[in-house]
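Please read the points alongside the coordinates.

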Amino acid sequence: MPVPASLAGSLRAEVRGQVRTDSLAQALYGTDASNYRVLPEAVVVPADEEDLAAAVGLCREAGVPTVLRSGGTSMAGNTIGGVVIDVSRHLRGILDLDADSRTAVVQPGVVLTDLMAAARPHGLTFGADPSSASRATLGGMIANNACGAHSVAWGTTADNTLGLDVIAGDGRRLSLTASEGAAARPAPGRVERDLIAGLQRIGGRHRRLIERQFGTFSRQISGYALQHLLTDPEPDAVRLLCGSEGSLATTLQATVRLVELPTATVLLALGFASSADAARSVPLVLPHGPLTIESINATLVDRLPHEVRRAAQAAGLPEGSVWLLVEVPGEAASEAAARAEEVAAQVRDGIAGATASVVSDPGAKAVLWRCRKDGTGLATRRADGAEAWCGWEDAAVPPARLADYLEGLDELLAKYGYSGASYGHFGEGCMHMRIDFDFLTESGRRDYRSFIEQATDLVTGLGGSVSGEHGDGRARGEMVARMYGPEAMAVFAEVKNLFDPDGVLNPGVIVDPPPVDVALRQAGAARLAQPETLFAYPDDNESFAQAQRRCVGVGSCRQTSGGVMCPSFQVTKEEQHSTRGRARVLFEMLEGDVITDGWRSSEVRDALDLCLSCKGCLSDCPVNVDMATYKAEFTHHHYARRPWARPRSHWSMGWLPVWAQVASRAPRLVNAVTGSAAAPLLRAAGGIAADRDIPAFAHEPFARWFARRTPEGTGERGPVLLWPDTFTNALSPQVGRAAVRVLEDAGFSVHLPTGPVCCGLTWISTGQLGMARRVLRRSLRTIAPALRAGAPVVGLEPSCTAALRHDAADLLADEPLARAAREQTLTVAELLEQRAPDWQPPQVGGEALVQVHCHQHAVMGFDADRRLMDAAGIEATVPDSGCCGLAGNFGFEAGHEELSRAVGERVILPEVRAADPATSVLADGFSCRTQIGQETPRQARHLVELLADGLLDRSSRC
């Protein structure tokens with residue numbers, strides 16, 4: 001239901017932050033990382049704590065439910081519905097960090113990695129560290145009592161929360177202190193004393209029930225943590241609120257404990273034949289005081305990108321089908337390694353067939369940890385492309401019963417014909433799992449419900465909890481009654497009534513939950529959508545709708561601490577500018593009840609507008625969401641049969657290859673015009689940003705130079721076809737000339753296509769897919785003889801190389817030549833490594849600051865280039881800079897220039913300005929070189945230019 005107009009007016013009048021009731025906001029916030037979809041009545045993004053308090057108060061007075069949300073990464077469906085209040089945008093302050101007392105005061109929107117980064121210089125960290133740390137916020141972690149890999153040593157979020165400033169559901173503002181922190185804070189006021197007295201009465205009435213059923217093991221997260229009603233000398237309201245899922249109070253601030261980082265650690269990787277064997281090893285490991293005991297299985301590892309899987313094996317992943325990652329501390333690395341060897345020996349003695357590897361190299365440890373941290377996303381697709389879901393996500397049992405649970409679960413999965421990838425916190429008996437439930441059919445949903453009921457009985461029979469992390473929400477709320485029984489549920493209702501008598505905070509969570517099979521987002525109209533598309537979506541059963549189900553909401557795209565994905569979010573921190581936000585809007589377009597005009601939707605167009613098409617999500621997203629492709633597809637249909645509606649930039653920059661051919665016939669004249677007083681008119685006519693310089697065209701195109709030259713070298717390694725992309729040919733011919741010199745020195749016979757060619761990238765990125773297909777087909781026919789002969793096609797411009805390696809085969813699914821191009825297209829570094837491994841590059845030496853093009857990062861990778869630079873003696877520094885911000889036509893388009901520069905200013909542009917003048921600046925992408933050249937005093941170069949210079953120096957010395 002829409003929010004009452006009077007409440008919307010009051011919110012807008014009194015809240016200084018955003019108040020949104022539009023369909024785009026509903027689409028963005030209608031689901032989280034769970035299987036559920038409940039559209040919000042409104043979305044509020046408070047500017048500060050007073051805004052937050054005002055919004056909660058106004059909604060309470062109107063009797064409208066509120067749901068506090070931060071990262072929105074809940075897999076239980078506990079941050080949807082009502083008026084959603086998003087604290088992740090502005091309430092991100094670390095208000096105090098006291099290294100002496102090892103405490104920090106934080107706002108609810110503080111991202112965990114930001115807190116950890118602030119604490120690290122003091123040798124401290126926050127003990128509970130879920131794998132979603134790069135986007136999980138302290139407010140959400142407190143609400144769900146998040147645990148993480150190190151909770152086996154340092155406890156859950158509840159164990160590390162010392163104080164909370166909250167607003168109860170009835171409007172009382174409370175400053176609460178955990179039992180162990182009471183001496184450090186002022187004496188409680190009257191409202192706090194009244195609340196504590198009420199909790200004491202509830203605890204006294206139900207003492208025997210609480211002692212029997214609650215606080216039985218560390219990962220008993222389901223329901224309210226009633227054991228904290230019995231703490232001495234009075235109830236611990238802070239620990240009670242941790243894990244209450246925002247259903248009792250709204251967090252304004254939290255005081256948290258920080259723990260000391262160990263002096264040294266090593267990672268012990270233990271391999272087993274089965275999960276049950278891995279579980280049986282836990283009692284052997286725990287007495288040694290490990291910091292982590294985390295599991296991954298072969299199904300999960302097989303879904304990692306090939307290069308990561310290979311790196312994991314090289315890093316020390318031993319033989320096995322299931323692995324435990326055990327972090328062992330010590331005063332020194334040698335001591336930690338010795339302790340790890342002792343643990344390994346005991347496990348090998350106790351578990352038949354167990355294997356072990358001790359890993360101390362930081363890079364190798366990081367690779368193995370990525371296998372675990374990416375588990376949530378990786379587990380959502382089976383190797384054959386079938387979809388898998390949360391739903392039975394994170395049940396836990398006492399560690400001594402874990403093997404029994406896993407064996408029973410395997411039997412239950414087999415009964416229903418399900419399969420799944422598992423991973424989790426074996427040291428505390430908690431296992432995460434994604435299962436291939438069928439949510440798309442009525443019979444499949446009935447089986448899902450039946451499975452959940454029987455799995456609940458299995459867990460409770462072993463003394464476990466249906467939630468060992470992440471809370472109950474909609475996914476497990478109904479099963480909590482099955483777990484605890486009606487008497488305990490009545491106590492939950494008493495607690496809820498004490499804090500929130502009108503039931504306005506996150507209703508339906510823990511108390512009076514809806515059925516687990518109601519409001520499943522996969523069961524909506526989108527499942528039946530079959531829109532005709534130009535891209536093939538081969539990894540999604542050729543279904544655009546299935547592709548939109550890829551995003552399960554884990555929010556990796558919301559991180560702001562590095563990586564390529566998602567550059568616009570890293571600047572704006574707005575949900576609609578994240579890959580997840582855009583995927584949600586596309587899903588809602590197919591659902592059709594909020595966004596009702598399909599491909600013509602202005603809401604979808606606006607959500608996609610600031611997508612840079614960098615392809616970072618293709619590699620960095622755990623489920624390989626390909627937003628650049630989705631944007632191109634949508635843009636094509638949005639403007640289909642409406643060419644007049646397209647932005648002017650689509651005609652100027654989208655058709656750049658054509659204009660470049662024209663300009664190359666009289667480049668001096670064109671450059672004179674674009675550099676004259678007429679330039680502002682040209683920019684305005686082409687939809688180009690007023691303060692962007694139009695790049696100059698080369699006086700002699702690369703292809704013309706190549707046609708008049710005499711080949712050099714022996715060509716003993718055979719022919720290669722050098723792809724003369726538009727940027728190299730018309731704008732940077734020096735790159736092509738350098739590449740020819742390098743390839744010929746390496747023994748290749750270099751050829752160019754017999755006619756003009758183009759990968760179609762500019763038409764793809766502007767959603768002119770019909771034209772892109774025609775251009776690609778013509779180009780592939782031109783190079784068909786080389787492709788059929790098996791000749792390598794060498795790309796110099798990363799975006800064009802990536803188009804041939806990725807986009808072309810999906811856009812021309814029926815074209816064998818496109819598949820051949822995908823297999824035969826290589827970068828220079830890849831070609832040299834694969835076809836000329838004995839070639840000795842010139843010893844260029846020196847230092848280089850390297851900006852890796854986003855498309856190279858996403859499609860080809862950078863490893864071969866790094867090895868080539870190593871071989872050439874180049875000491876490369878590759879900052880974690882992500883996208884340069886120009887991103888092809890994006891940064892040139894009017895309206896995008898501010899964001900474009902802000903993306904570059906995050907890392908790479910300041911790095912370039914700070915670089916020593918003697919340090920070479922390398923950027924293979926024309927866009928990257930242009931951004932650096934226009935925004936810094938330096939000019940970046942392509943790697944082949946450095947190598948060609950080295951060859952000249954080598955020949956001159958000879």
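1. Strand 18 (residues 719–722) and strand 20 (residues 793–795) pair in the parallel sense over two bridges; pairing requires that DSSP find at least two bridges between two strands. Within this pair, Leu-721 stands opposite Val-793 in strand 20. Helices (H or I, at least four residues) and strands (E, at least two) are DSSP runs numbered from the N terminus.

2. The model is predicted: local features need pLDDT of at least 70, side-chain atom pairs count only at pLDDT 80 or more, and totals for chains, interfaces and linings use all residues. Residues are numbered from 1 along each chain as its sequence is written, and side-chain values use heavy atoms, without hydrogens and water.

3. The open sheet comprises four strands in the order 19-18-20-21, with parallel pairing. Strand 19 (749–751) and strand 21 (825–827) are at the edges, each with a single partner strand, so one side of each has no neighbour in the sheet. Neighbouring strands are turned by 40 degrees against each other on average, direction ignored. Axes are lines fitted to C-alpha atoms, for helices over the stretch in contact, and angles run from 0 to 180 degrees between N-to-C directions.

4. Helix 32 (residues 733–745) packs on the sheet and touches strand 18, strand 19 and strand 20, contact meaning heavy atoms within 4.5 Å. The direction of helix 32 makes about 170 degrees with that of strand 18. Helix 36 (residues 798–811) also packs there, touching strand 20 and strand 21, and its direction makes about 145 degrees with that of strand 21.
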